[in-house]
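Dear colleague,

Please find below the sequence and structure that I am handing over to you. My notes on the charged residues and on the overall fold follow.

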Amino acid sequence: MKIFKLGEEAILDLKSFDEKKLKKKVRRVIRHAENSNIEVFFFTPGSLPKSLRQEISYISKKWLSVKGQKEKGFAMTLGRIPNKLDKDCQFAIALKDNHVLGFLCFTPVYKQKMLSLDISRRLDNNFNGLTECIIIKSAEYFKGRGIEKLSLNFATFSGLPEVNTS
């Protein structure tokens with residue numbers, strides 16, 4: 001038998017997570033969002049207002065149309081936007097002037113105090129650090145609610161040597 005590395009899972013340990021210890025470049029993303037009046041709000045599928053659900057559905061459809069109409073998500077996903085039956089899922093939504101700029105959706109890992117990133121979407125015309133901003137705000141928010149780990153999910157083939165295909 002041989003070991004074959006398929007990829008890596010990025011996991012934030014929220015017990016030791018401290019925004020102040022992040023690199024200056026990453027902290028600048030938060031300041032940029034705050035200076036741009038972008039705020040991140042959190043919802044369960046049952047508490048998500050209909051207007052925001054419509055906006056995230058629009059953003060998701062637009063995102064998928066650019067990506068070839070196929071969900072090419074992470075290794076462990078629902079494969080859809082959570083609905084009211086998915087009561088333990090969590091939305092992190094970046095808003096500016098009451099409009100959605102981007103969002104993340106997390107699913108629970110029931111045997112641990114952990115959430116796993118399921119969906120990541122944003123409008124194309126936003127600044128590049130928007131997703132990172134939502135992740136940082138999510139880490140702070142969930143840490144304050146007793147979540148110990150936040151999985152950013154599985155990156156297939158990460159860490160493998162490059163193959164020359166030419």
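This is a predicted model: local features need pLDDT of at least 70, side-chain atom pairs count only at pLDDT 80 or more; totals for chains, interfaces and linings use all residues.

On the surface, K23, K24, K25, R28 and R31 gather in a patch of positive charge. Such patches are made of residues with over 30% relative accessible area and no salt bridge, like charges being joined within 9 Å. Lys and Arg count as positive and Asp and Glu as negative, while His and the chain ends are not counted; the place of a charge is taken as NZ of Lys, CZ of Arg, CG of Asp or CD of Glu.

Residues are numbered from 1 along each chain as its sequence is written, and side-chain values use heavy atoms, with hydrogens and water left out.

As to the fold, the protein has three helices and six strands, arranged along the sequence as β-α-β-α-β-β-β-α-β. Helices (H or I, at least four residues) and strands (E, at least two) are DSSP runs, numbered from the N terminus. Of the 166 residues, 38% count as buried.

The whole structure contains three salt bridges, each defined as a side-chain nitrogen of Lys or Arg within 4 Å of a carboxyl oxygen of Asp or Glu. In one of them, the side chains of K137 and E34 meet at 3.3 Å, N to O. Because K137 lies in helix α3 (residues 130-143) and E34 in helix α1, this pair ties together parts that are 103 residues apart in sequence. Both partners are partly exposed: K137 has 22% relative accessibility, and E34 has a relative accessible area of 42%.

K137 also meets E140 in a salt bridge (3.8 Å, N to O); these two residues are three apart in helix α3 and thus separated by about one helical turn. Through shared partners, salt bridges join E34, K137 and E140 into one network.

Finally, R80 forms a salt bridge with D86, with the closest N and O atoms 2.6 Å apart. R80 is partly exposed at 35%, whereas D86 counts as buried at 14% relative accessibility.

With kind regards

Conventions. Patches are made of residues with over 30% relative accessible area and no salt bridge: like charges are joined within 9 Å, nonpolar side chains (Val, Leu, Ile, Met, Phe, Trp, Tyr) within 5 Å. Accessible areas come from the Shrake-Rupley method with a 1.4 Å probe; for residues, only the protein chains shown count as cover. Buried means under 20% relative accessible area, exposed over 50%, partly exposed in between (1.4 Å probe, protein chains only).
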